[in-house]
Amino acid sequence: MSDRLYYHDSSLCEFEGEVVDLIPASEINRRHGVVLDRTAFYPTSGGQVHDTGFLTAGSPDTGSKLRVAEVVELEDGRVVHYIEADRAPQKGTKVYGEIDPQRRRDHMQQHSGQHLLSAAFVRLFNMPTLSFHMGSESSSIDLDTPALSAQQTEQAEALANQVVQENRPVAVRFVSQEDALTLGLRKVPTVGKDELRLIDIQDFDLTPCGGTHVRGTGQIGAILLRKIEKVRQGWRVEFVSGQRAVATARRDYSTLTAAAGLLSTGIWELPQQVRKALDESKAARKTGEQLLEQVAELQAARLLSETPAASGRKVIVRVWKDRDLAFVKLLAQKLTGRESGVVALLGSTLGQPSLVFTQSPGLPFDMGTLLKTTVASLGGRGGGNKDLAQGGVPNGAGLEEALSGVASGIAR
Ligand SMILES: [Zn+2]
């Protein structure tokens, strides 16, 4: 067992210890593992992620610093520091440990914030916390509840922040399992241990926990609740505390300001303005579609009147540079819908060059086969049925000639 110094002092970031065991690098973990008799490094456990920092063999001034990249706890209670170094210090070496204080403070803020939030949800709505997860951007708790409203979330956030502002003391107490059961803990431990470490937020929350916490709730700074979502076992509440809350609020504000700038409005007016812009764009799209329909109708009429019939059939060949495939298809439909005996061999070179073959119902040709042969000769792909087919080709060169070729084949 390693003596865990953070159990008694979460703000301790420098300590001395001795190497008592080594875990050789392996295929699974390519780093050397170092076990010390005592450590202030927190190993990943209970939803909280590990500390990082340095171990220095010998004197902190002259010894070489070994970076601690990961810290884990083994089932037997040993804490393993995985270091980024070619070789590990020998057993018996005295080492000087330094923990990244910013990362530790951040973790203390997230974790202590979690205690307050979990307690707030129990006090206000009797919703126990099932699990806690600390992420690199935000943390989350899963609540045991079938429903959770935005209003409840805001109330819990307000209560938790009230306790932050009251700066209540956070004490660590060690009690026997037997005694603990009489104290009305928020969470009853499942694993049987002789002694329990309790985190006591004065007159607000008492719960067993092995993590690192602030000394007074004021050090949490602020708690900002984010997304809530239904998960399999209940509801997940995402949150950020401390400096992360400030950084997140700053990012939100910058994003909102940028969006508001695009719409030339203030950030509080954004929802109405976005709604208005969406409605306008929907209306404009509808108008555009109606106009396109009319243009296709008119153009179809003109093409049909310009094209003389031969043997009772009109064959229309046309390639557009400034119309897209959707319009060409619309036009094809209008051409064959208006008159019988029409064959339309159309193309567009706007964007991906494409072609559409169509004929009025009852004509004897096979548009699918004709189109397949044509696109194949141009290095493209496509297909369709007897009356309507479409395809794409790599480039527009030779498209008009190819369509004219098909037209003269039909005329023969
Ligand atoms: Zn805790």
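**Salt bridges, a zinc site and a helix**

Buried here means under 20% relative accessible area, exposed means over 50%, and partly exposed is in between, using a 1.4 Å probe and protein chains only.

Before going on, a word on the source. This is a predicted model, in which local features need pLDDT of at least 70 and side-chain atom pairs count only at pLDDT 80 or more, while totals for chains, interfaces and linings use all residues. Residues are numbered from 1 along each chain as its sequence is written, and side-chain values use heavy atoms, with hydrogens and water left out.

Back to Asp142. What does Asp142 form a salt bridge with? The partner is Arg236, and the closest N and O atoms are 2.7 Å apart. Asp142 belongs to strand 10 (residues 139-143) and Arg236 to strand 15 (residues 234-241), so the pair ties together parts that are 94 residues apart in sequence. Helices (H or I, at least four residues) and strands (E, at least two) are DSSP runs, numbered from the N terminus. Arg236 is partly exposed, with a relative accessible area of 30%.

By salt bridge I mean a side-chain nitrogen of Lys or Arg within 4 Å of a carboxyl oxygen of Asp or Glu. In general, side chains of opposite charge can pair when their charged atoms come close. The count by this rule is 22 salt bridges.

Next is Asp200, which forms a salt bridge with Arg173, with 2.7 Å between the closest N and O atoms. This pair links distant parts of the chain, with Asp200 in strand 12 (residues 195-201) and Arg173 in strand 11 (residues 170-176), 27 residues apart. Asp200 is buried at 17%, and Arg173 is partly exposed at 31%.

Asp205 forms a salt bridge with Arg186, again with the closest N and O atoms 2.7 Å apart. Asp205 sits in strand 13 (residues 205-208) and Arg186 in the loop between helix 3 (177-180) and strand 12, so the pair ties together parts 19 residues apart in sequence. Asp205 is buried at 6%, while Arg186 is partly exposed at 23%.

Now strand 13 itself. Both of its faces are covered: Asp205 and Thr207 on one side, and Leu206 and Pro208 on the other, are all buried. Strand 12 and strand 13 pair in the antiparallel sense over four bridges; two strands pair if DSSP finds at least two bridges between them. Ile201 stands opposite Asp205. The two strands form a hairpin with three residues between them, and Asp203 in the turn has a positive phi of about 55 degrees.

On to the metal. Which residues coordinate the zinc ion? They are His111 (NE2), His115 (NE2), Cys209 (SG) and His213 (NE2), at 1.9 to 2.2 Å. The donor residues are spaced H-x3-H-x93-C-x3-H in sequence. His111 in helix 1 (residues 101-125) and His213 in the loop between strand 13 and strand 14 (223-231) are 102 residues apart. Both count as buried, His111 at 1% and His213 at 5%.

Last, helix 5. Its 37 residues (270-306) should span 54 Å at 1.5 Å a residue, and its end C-alpha atoms are 52 Å apart, which agrees. The expected span is 1.5 Å times one less than the number of residues. Its buried residues are Leu270, Ala296, Gln299, Ala300, Leu303 and Leu304.

Key
Donors = N, O, S within 2.8 Å, 3.2 Å for Na, K, Ca; no water.
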